[in-house]
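I opened the notebook to record what I looked up in this model, starting with the overall fold and moving on to helix packing and backbone details.

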Amino acid sequence: MKKAKILVVEDQNIVALNIRNKLKNLGYTVPGTASTGEEAIRKAELTNADLVLMDIMLKGDMDGIEAAREIKTRLKIPVLYLTAYTDDETLERAKMTEPAGYISKPFKEEDLHSNIEMALHKHRAEKKETETSANEE
């Protein structure tokens, strides 16, 4: 099976590099990083990512929740939130985007790995189900 491509969206460069290194150590490909919502959408399109690992607080006018909504709607790429924000209001806004998961920082590498694997598995299963339904019509 090919390595999954994961786009990292994080506004702090050092944190983004750290996440990128962890993902590479876990065997994933990281085709890029983004620090704004607009850049995240553009790079998700360009890289054909399998999953987007999204921080909620980003540079610029668009936060991670708005970017996730666009990515999921337009590109059908699952988004996994990785954020320090766990207040009820943020959680409620994030839920509206139907994320593949929500991991709070600081995180354990094994939690990141298991959440990514579950998100990718669920996305593949949904895609297969959609294709099967389309073929039956």
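My entries follow, from the whole chain down to single residues.

**Ground rules.** I am working with a predicted model, in which local features need pLDDT of at least 70 and side-chain atom pairs count only at pLDDT 80 or more, while totals for chains, interfaces and linings use all residues. Residues are numbered from 1 along each chain as its sequence is written, and side-chain values use heavy atoms, with hydrogens and water left out.

**Overall fold.** I looked up the secondary structure and found 5 helices and 5 strands, where helices (H or I, at least four residues) and strands (E, at least two) are DSSP runs numbered from the N terminus. Along the sequence they follow the pattern β-α-β-α-β-α-β-α-β-α. The radius of gyration is 14 Å, close to the 14 Å that the globule rule gives for 137 residues, so the protein is as compact as a globular protein of that length; the radius is taken over C-alpha atoms, and the rule is 2.2 Å times the number of residues to the power 0.38.

**Record.** I noted that an unreviewed UniProt entry lists residues 5-120 as "domain: Response regulatory", bearing in mind that such annotations may be inferred rather than shown by experiment. The end C-alpha atoms of that span lie 10 Å apart, and the span is 48% helix and 16% strand.

**H2 against H3.** The axes of H2 (residues 37-47) and H3 (residues 64-75) come within 9 Å and cross at roughly 25 degrees; axes are lines fitted to C-alpha atoms, for helices over the stretch in contact, and angles run from 0 to 180 degrees between N-to-C directions. The two helices are therefore roughly parallel, a label for angles under 35 degrees. Gly37, Ala40, Ile41, Ala44 and Glu45 of H2 make the contact with Ala67, Glu70, Ile71, Arg74 and Leu75 of H3, contact meaning heavy atoms within 4.5 Å.

**H3 against H4.** I then checked H3 and H4 (residues 88-95), whose axes come within 9 Å and cross at roughly 10 degrees, so this pair is also roughly parallel. Here Ile65, Glu66 and Arg69 in H3 meet Thr90, Arg93 and Ala94 in H4.

**Backbone details.** The peptide bond from Lys105 to Pro106 is cis, with omega near -10 degrees, and Pro106 sits in the loop between strand S5 (101-104) and helix H5 (109-136). Lys76, in the loop between H3 and strand S4 (79-83), has phi near 60 degrees, a positive value in a residue other than glycine.

Methods
Parallel < 35°, antiparallel > 145°, perpendicular 65-115°, else oblique.
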